[in-house]
Amino acid sequence: MAPGKGEGSGEGRGLRGKGEGCEGWVRARSCEGRRGGEAGDEAQGWALGQAEGTPPRAAPSAALCFLAAWRSLRERGPKDGGGPRGLARRIQGTRPFSLSAAARAILGLGGWGDDGGKKQLTLQDVAKLIRKKECRRIVVMAGAGISTPSGIPDFRSPGSGLYSNLEQYDIPYPEAIFELTYFFVNPKPFFTLAKELYPGNYRPNYAHYFLRLLHDKGILLRLYTQNIDGLERAAGIPPDRMVEAHGTFATATCTVCRRKFPGEDFRGDVMADKVPHCRVCTGIVKPDIVFFGEELPQRFFLHLTDFPMADLLFVIGTSLEVEPFASLAGAVRSSVPRVLINRDLVGPFAWQQRYNDIAQLGDVVGGVEKLVELLDWNEEMQALIQKEKEKLDAKDK
Ligand SMILES: [Zn+2]
């Protein structure tokens, strides 16, 4: 499990079949699982230890957090809710919760974000810090909420969006679409999703272009995204500025000979509802989307250096429920301002808030617009969006 050179992005592991079932659970739990379990807490504790302490330890420590997750799974056992299924059952009730902001206020423990009398930071303060170039290593965590304004269907929620379109395939349960064992029996449902999300079908929106502008200004240290729609790339953010935690359609790998291909090579097949095959060995070619049971991309381990180095964290459009992604929010130094732009108060912003946490709740694009306004970047944003729109229009012709 320790990240090692030559292991690739981990897609190959799933192919090893049975022996990796345990890893599958850890992954299902630690990556797809929702916050609220012990493993998540251990991961978070570990991440925090990293952030508060001295320089980050080497990557093998990351394996520890997975190991911890695995151990806790073993202790409870699959029947007891260790597996992905049990996890889904348990997410309802076991959210670790300190006192809510409201409860703190009622009990006189100080209001939202109050921390020993330190001045509560505002969005305006953060805008000032950025303008004065006091924050220039910004880390962004982004989730589905930045893509819904682009019309990306909410394909992860059973009963809505894409899952309903999959009924024709008679898949046993919605998650099967991201399971390797199912994929090798019936890859069609996954490629139906691929057809929907293949680069070019949707366009980036204001939120994506805001992140692009951060990059253009040289202050985006890294963008960690959970999205697989590729809209960050489409907005012009270079792949090396990003960690696409759940993979990408931009590249694909042969499931047999492991050759890498540009995703673009198979656009024709995917659009024609054909399962793409390797031109060398005829094996099925799978876009580099992280499935249950697969390791996260190697790049995910960049968090070990990125988060301790960050001087500002934006959390945009994510419910912070998917581990280990969610725990990263706690991995910035405690002196670093964290800004949540999201519909609801989530993750540590709800239960472990710091005095320098800021929550801009409501419509995600609206929140980003407000920040752009405070930054006085309106004109630059409009110019960038216009320029990129023209580029995309020309491409579509
Ligand atoms: Zn091949």
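Visitor: Which residues do ring pairs link into a cluster?

Guide: The cluster consists of F178, F183, F184, F190, F191, Y198, F249 and F291, linked by ring pairs. Rings of Phe, Tyr and Trp (its six-membered ring) pair if their centres lie within 6.5 Å; planes under 30 degrees apart count as stacked, over 60 as edge-to-face and the rest as tilted. The model is predicted, so local features need pLDDT of at least 70 and side-chain atom pairs count only at pLDDT 80 or more, whereas totals for chains, interfaces and linings use all residues. Residues are numbered from 1 along each chain as its sequence is written, and side-chain values use heavy atoms, with hydrogens and water left out.

Visitor: How many aromatic pairs does the structure hold?

Guide: The structure holds 16 aromatic pairs.

Visitor: What makes the pair of F183 and F190 edge-to-face?

Guide: The ring centres of F183 and F190 are 5.7 Å apart, and their planes stand at 80°. F300 and F301 form another edge-to-face pair, with 6.4 Å from centre to centre and 80° between the planes.

Visitor: Why are F183 and F190 called buried?

Guide: Buried means under 20% relative accessible area, exposed means over 50%, and partly exposed lies in between (1.4 Å probe, protein chains only). F183 has a relative accessibility of 1%, so F183 counts as buried. F190 also has a relative accessible area of 1% and is therefore buried. By the same cut-off, F300 is buried at 2%, and F301 is buried at 14%.

Visitor: How do you know that helix α11 is mostly covered?

Guide: Helix α11 comprises residues 188-197, and seven of its 10 residues are buried. The buried residues are P189, F190, F191, T192, L193, A194 and L197. Helices (H or I, at least four residues) and strands (E, at least two) are DSSP runs, numbered from the N terminus.

Visitor: What makes K286 a charge over the ring of F291?

Guide: A charge sits over a ring if NZ of Lys or CZ of Arg is within 6 Å of the ring centre and within 35 degrees of the ring normal. K286 lies over the face of F291 at 4.3 Å from the ring centre. The charged end of K217 sits over the ring of W377, 4.6 Å from its centre.

Visitor: Which atoms coordinate the zinc ion?

Guide: The SG atoms of C254, C257, C278 and C281 coordinate the zinc ion at 2.2 to 2.4 Å. Donors are N, O and S atoms within 2.8 Å of the metal (3.2 Å for Na, K and Ca); water is not among the atoms, so sites may look incomplete. Along the chain, the donors follow the spacing C-x2-C-x20-C-x2-C.

Visitor: Why is the site of the zinc ion called tetrahedral?

Guide: Four donors count as tetrahedral if all angles lie between 85 and 135 degrees; four count as square planar and six as octahedral if opposite donors are over 155 degrees apart and all others between 65 and 115; anything else is irregular. The angles among the four donor atoms of the zinc ion are 98 to 118°, so the site is tetrahedral.

Visitor: What does UniProt list for C254, C257, C278 and C281?

Guide: The unreviewed UniProt entry lists these residues for "binding site". They span 28 residues in sequence, yet no two of their C-alpha atoms are more than 8.5 Å apart, so they gather at one spot. UniProt positions are given in the numbering used here, feature names are shortened, and annotations may be inferred rather than shown by experiment.

Visitor: Where is C278 found, and which residues does C278 touch?

Guide: C278 is in the loop between α14 (267-271) and β6 (285-289). Contact means heavy atoms within 4.5 Å. Not counting residues up to four places away in sequence, C278 touches C254, C257, F261, G283 and V285.
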